[in-house]
Amino acid sequence: AGDVYLWWSDVPVVRSLKIGNFTPPLSIESLTSNRDIMFMETALPVQALAPARSSGLQIGGPAFGERVTWALAFVRTIATTDQGDKSKAGARIVGRITWLPQDDRDAARLTHVGAGLSVLAAPEDVQFKTRPESHLAPFLVDTGALHAADQSTVLGLECLHVDGPWLFMGEALGASVTGARSAGFFGGYALFMRTLTGETQPYDRTAGVLARFMPARSFSWRDRTYGALRVGARVSYIDLDDGKVAGGHETDLTMNLTWVLSPYLLFKLEYGFALVRGRPNEGDLHFVQTRLQIDFY
């Protein structure tokens with residue numbers, strides 16, 4: 001399922017109003033379009049702890065000359081989701097704020113920091129689980145359903161630095177569950193990406209997320225241009241073990257090669273290694289995956 005919503009801009013006081021089905025505002029990697037994320041899949045802690053696409057309303061927008069963005073959403077997940085956060089509740093309140101302490105457009109250099117918070121109101125049960133960073137793999141770490149939870153809170157911290165063709169990004173996420181089976185879970189990831197052909201990763205200052213990558217010269221047999229080439233690596237970790245909850249823990253290493261033929265056509269090749277412990281199915285997993293991505297918007 002994709003985002004489907006009505007959106008009004010330039011709304012007095014609240015900046016903008018969104019009503020419909022969308023991704024709640026927590027985690028830069030979760031909020032960045034699947035079209036624009038660095039790797040084929042989001043990182044382990046984002047898959048497990050960031051809220052899945054939900055229905056509701058959201059307000060917020062840029063401020064202070066687009067150096068700051070803020071968003072506040074009131075949502076409810078009303079359908080089965082493939083996201084690792086399977087928690088059920090009457091409602092969820094999610095907020096996020098970002099800031100650009102450095103924004104030198106002439107030098108193609110910026111630094112982004114942000115924080116997000118998600119709180120489940122009257123949870124029915126709470127559950128977090130995740131696959132390795134391959135959509136075809138099974139869920140390998142899983143808390144199971146934590147019934148009779150009084151409250152569930154997820155906190156996320158994020159950082160992004162772009163310097164010409166270099167990009168560095170990382171996030172840390174933690175979840176706290178109180179009730180009959182109180183527990184705490186956490187995870188994080190760090191990645192780098194290098195554009196070998198020299199282009200800079202675009203950034204959407206109105207939303208505080210990554211934007212569509214644009215090669216300097218699209219692929220053309222006639223003009224003998226070959227698009228853009230990018231390489232990257234990411235290490236991620238998730239720990240879903242605490243007390244009586246034996247959800248397991250996992251470390252992933254994923255390497256990526258992306259050939260961007262045009263702004264609307266790219267090819268990705270990835271190798272990943274997952275190390276799973278604390279589960280009956282513990283062990284090591286290797287995967288190789290490719291994607292030919294074509295979009296029209």
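Because the model is predicted, local features need pLDDT of at least 70 and side-chain atom pairs count only at pLDDT 80 or more, while totals for chains, interfaces and linings use all residues. Residues are numbered from 1 along each chain as its sequence is written, and side-chain values use heavy atoms, with hydrogens and water left out.

Helices (H or I, at least four residues) and strands (E, at least two) are DSSP runs, numbered from the N terminus. E1 runs antiparallel to strand E2 (residues 15-22), to which seven bridges join it; two strands pair if DSSP finds at least two bridges between them. Within this pairing, tryptophan 7 stands opposite lysine 18 in E2. Three residues separate the two strands of the hairpin, and valine 13 in the turn has a positive phi of about 70 degrees.

A second hairpin is formed by E10 and E11, with two residues between the strands, and there glycine 164 takes a positive phi near 60 degrees. Strand E10 (residues 149-163) pairs with strand E11 (residues 166-179) in the antiparallel sense over 14 bridges, and glutamate 158 is placed opposite glutamate 171 in E11. E11 also pairs in the antiparallel sense with strand E12 (residues 183-195), over twelve bridges. In that pairing, alanine 172 stands opposite glycine 188 in E12.

In soluble globular proteins, nonpolar side chains tend to be buried together. A nonpolar core is a set of buried Ala, Val, Leu, Ile, Met, Phe, Trp, Tyr and Cys residues joined through side-chain atoms within 4.5 Å. The largest such core has 42 residues, and those with the most contacts inside it are Leu49, Phe128, Leu160, Leu167, Met169 and Phe185. Among the elements that each supply at least two residues of this core are helix H2 (44-49), E10, E11, E12 and strand E15 (228-242).

A cavity is a set of points, on a 1 Å grid over the protein atoms alone, where a 1.4 Å probe fits but cannot get out, and lining residues have an atom within 4 Å of a point. About 130 Å³ of space lies in the largest cavity, a volume being the space filled by probe spheres set on grid points that are joined across faces, edges and corners. Of its 16 lining residues, the closest to the centre are Arg35, Asp36, Phe213, Arg230 and Leu266.

The last feature is aromatic. Rings of Phe, Tyr and Trp (its six-membered ring) pair if their centres lie within 6.5 Å; planes under 30 degrees apart count as stacked, over 60 as edge-to-face and the rest as tilted. Eight aromatic pairs are found in the whole structure. Phenylalanine 219 and tryptophan 221 form an edge-to-face pair, 5.2 Å centre to centre with 80 degrees between the planes. Phenylalanine 219 is partly exposed at 27% relative accessible area, whereas tryptophan 221 is exposed at 70%. Phenylalanine 219 also forms an edge-to-face pair with tryptophan 259, at 5.9 Å centre to centre and 80 degrees between the planes. Since phenylalanine 219 lies in the loop between strand E14 (209-210) and E15 and tryptophan 259 in strand E16, the pair ties together parts that are 40 residues apart in sequence. Ring pairs link Phe219, Trp221, Tyr226 and Trp259 into a cluster.

Conventions:
Buried < 20%, exposed > 50% of the residue type's maximum accessible area, 1.4 Å probe, protein only. 1 Å grid on protein atoms, 1.4 Å probe; cavity = no way out; pocket = protein on both sides within 12 Å on 5 of 7 lines; lining within 4 Å.
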